[in-house]
Amino acid sequence: MAPQPGRRAVVRVPVATLWTAPEAVRPIDCPALAGSPDVAAWIAGMDRDQLVGDCVLTQLLLGEPVRVTETRPDGWVRVVALGQPAAKLGADGYPGWLRAAHLADPADADPSSPDPTDVGPAGPALSGPALSGPASAAPAPVGTGPAGPGPAGSGSAADAPLTVDVAHTALRAEPDGDAALTGVVLGTRLTPAGPPVDGRRPVRVPGRADPLWATEDDLVPLPAERPEAEKVLAVAERLRDLVYVWGGMSTDGIDCSGLVHLAWRRYGITLPRDADDQAAATSRVPLDAERPGDLYFFARPGRRIHHVGIVSAEPRGGRRRMLHACYLTRRVVEEELPADRTATLVGAYRV
């Protein structure tokens, strides 16, 4: 079924890019627009300046829910990304444009199951009104509900939601078959469709009537408890040296707030998408009281927050270190805060 205004849909490709407008895309963006987008090839084909083109807003992962607000006959749809809060842009989530071919009806993954974008009662609250976690009731690929924040819960062990815990994995049509869907990335949430067989786990995939098979060792259950911040930092550290892409939020390329969002997403916690909204949704802590896994935010005088990094070590003698997706180096790096960063440091915050 084609996406319809006012209805929900889910992402059916490993990584779908959300654009500012259909007219903003560039010739270099063709690999990201294909019916089966090749995000790795798209990023590899861009030069240093093209990596930071402001035509990209964010990216959505397989199974993420959207609300369709407008359709066009040329295959573009305007949506709200319900799993990526953006308070300054709208209460529902991040608005922008997707290719219709990258979406499926929620029921396409399993016509007998409830809408996978529905959520139940929330788990224990975290600080900040914009934080949320997957529902503690029926499993869902993503947790985006307004009921309140909290970490993931689960039903029985057999149907508990799973998340991808490797940089990339492939889904197969049969346990020992060829790859049917490649490039599924870290943090992607999947709903199991049965018990494992020979090290493969059947999972439901939007747009496909039959389950696909994932390598069981590439998946972990979403935790029922809030993770320690240092565990989230450890996930982010696995992305060190990844290329910086404006609006990127995958293990193919990422930006500063995308790194924070994706690392917490791996543990079932939904943070806002942009750095300024992340600061508003977290709790400030006194400088020198920060711990690894906390967040540093940065802003120029009189301007809104424009950058975020993850505290990577306890401060010593006024010297601070962070892991961040750096616009200047176009890489995810861990480093001591240089003088220009220290001059724009707003403060330390805790999720």
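I first looked up Thr-163, whose bridge partner in E11 is Arg-189. The model is predicted, with local features needing pLDDT of at least 70 and side-chain atom pairs pLDDT 80 or more, while totals for chains, interfaces and linings use all residues. Residues are numbered from 1 along each chain as its sequence is written, and side-chain values use heavy atoms, without hydrogens and water.

Next I followed the two strands: E8 (residues 162-164) and E11 (residues 189-192) pair in the antiparallel sense over two bridges. Strands here are DSSP runs of E with at least two residues, numbered from the N terminus, and two of them pair if DSSP finds at least two bridges between them.

I then traced the open sheet, in which seven strands run in the order E10-E9-E13-E12-E11-E8-E14 with antiparallel pairing. Strand E10 (179-185) and strand E14 (219-221) are the edges, and each has a single partner strand, so one side of each lacks a neighbour in the sheet.

Last, I searched the whole structure for cavities and noted four of 30 Å³ or more. A cavity is a set of points on a 1 Å grid over the protein atoms alone where a 1.4 Å probe fits but cannot get out, and lining residues have an atom within 4 Å of a point; a volume is the space filled by probe spheres set on the points, which are joined across faces, edges and corners. The largest cavity holds about 60 Å³, and among its 10 lining residues, Ala-2, Pro-3, Gln-4, Arg-8 and Asp-105 are the closest to its centre. Strand E1 (8-11) and strand E7 (103-104) each give two or more residues to that lining.

How values were computed. On a 1 Å grid over the protein atoms alone, a cavity is a set of points where a 1.4 Å probe fits but cannot get out, and a pocket is an open set with protein on both sides within 12 Å along at least five of seven lines; lining residues have an atom within 4 Å of a point. Helices (H or I, at least four residues) and strands (E, at least two) are DSSP runs, numbered from the N terminus.
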